[in-house]
Amino acid sequence: MSKIATYIKLLPRDLFHTLFPDICLACDTQPKIRQGDFCVECLHKMPYTDHFTILDNAVTRHFKGRVKLEYGAALLRFRAGSIVQNMLHKLKYKKRKEIGEIFGEIAGQKLIASPLFQKPDLIIPIPIHHLKEKKRGYNQSSVFGKAVGKVLGVECREDIIIKSKWSESQTGKSRTQRVDNVDEVFELIRPELVRSRHVLIVDDVVTTGATIEACCLKLTESQVGKMSILTIASAS
Ligand SMILES: [Zn+2]
């Protein structure tokens, strides 16, 4: 009996290693360094940004004149065909949740160490439609946000802004049209929770910024106190 109990106790760990072997999260080919998540090569070429030490950075400049931010930062630079794109793709479409968790932990630690850092009252992830979340198994921004929240000791809430409608394709639309288009699909259902508070908005990647801007507008309409942005990657 005790042998069976031991076996059952060991099984999940064994299964875990079978499903997620000890290979680099970025390239999926080389072994991870000891007590790390990446291989030596990927660790050296990981394109970390300087956003945590410079207030006037690519993210804050991107939203300048559109959204008033306390600070804004992306952890990594996004390039087409890069290891960053590969990892974000796996996080979003291949059920590789741990990628969001690891980058959330790294981003949270960088934020705490940053001279620009002000502790937010609340973390809000950019929502995805519930049918999409069901298919994907999770919202990748929430996975990232929860990991950041764990490091900062701040709550990450998915029940404040929700995505109630499918968004149309953004292709061929102007910036204003894109923001208007996404503005209609988001709903701020708990406005009392953001009033006069500092909200940290988290997302996987900033590309056009229309989605984040639309969420910021919703928060502004509800008299949010301050807003900051943190993402895994940024295209600019
Ligand atoms: Zn690697």
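**Group meeting: a walk through one predicted chain**

Buried residues make up 36% of the 236 residues in this chain. Before I go on, please keep in mind that this is a predicted model. The chain has nine helices and six strands. Of the contacts between residues at least 6 apart in sequence, 71% join residues that are at least 24 apart.

Strand 5 and strand 6 pair in the parallel sense, over eight bridges. If you want a place to look, find V205, which stands opposite A233 in strand 6.

Helix 7 deserves a minute of its own. It has 13 residues and reaches 19 Å from its first C-alpha to its last, close to the 18 Å expected at 1.5 Å a residue. Is helix 7 largely enclosed by the rest of the structure, or largely exposed? It is largely enclosed, because 11 of its 13 residues are buried. Among the buried ones are Q140, S141, S142, F144, K146 and L152. What covers them includes helix 4, helix 5, strand 2, strand 5 and strand 6. Just after helix 7 comes G153, with a positive phi of about 75 degrees.

In soluble globular proteins, nonpolar side chains tend to be buried together. Here the largest nonpolar core has 53 residues, and I201 and C215 touch the most other members. Which elements supply at least two residues each? They are strand 1 (72-77), helix 4 (83-93), helix 5 (97-113), strand 2 (122-125), helix 7 (140-152), strand 5 (198-206), helix 9 (210-221) and strand 6 (226-234). Helix 9 gives the most, with six residues. The core also draws at least three residues from each of domain 1 (1-45) and domain 2 (47-234). As for C215, leave aside its neighbours within four places in sequence, and its contacts are I126, I161, F186 and I201.

Last, two points in the loops. Most residues other than glycine have a negative phi. D28 is not a glycine, yet its phi is positive, about 60 degrees. You will find D28 in the loop between helix 1 (2-19) and helix 2 (40-45). K95 also is not a glycine, and its phi is positive, near 60 degrees. K95 lies in the loop between helix 4 and helix 5.

K95 has 11 other C-beta atoms within 10 Å, so it is exposed.

Definitions and conventions: Residues numbered from 1 in each chain as written. Predicted model: local features only at pLDDT ≥ 70, side-chain atom pairs only at ≥ 80, totals over all residues. Core = buried A, V, L, I, M, F, W, Y, C linked by C-beta atoms within 7 Å. Buried ≥ 20, exposed ≤ 12 C-beta atoms within 10 Å, placed from the backbone. Helix = DSSP H or I, 4+ residues; strand = E, 2+ residues; numbered from the N terminus. Domains from an automatic or database assignment. Contact = placed C-beta atoms within 7 Å. Pairing = 2+ DSSP bridges. Expected span 1.5 Å × (residues − 1).
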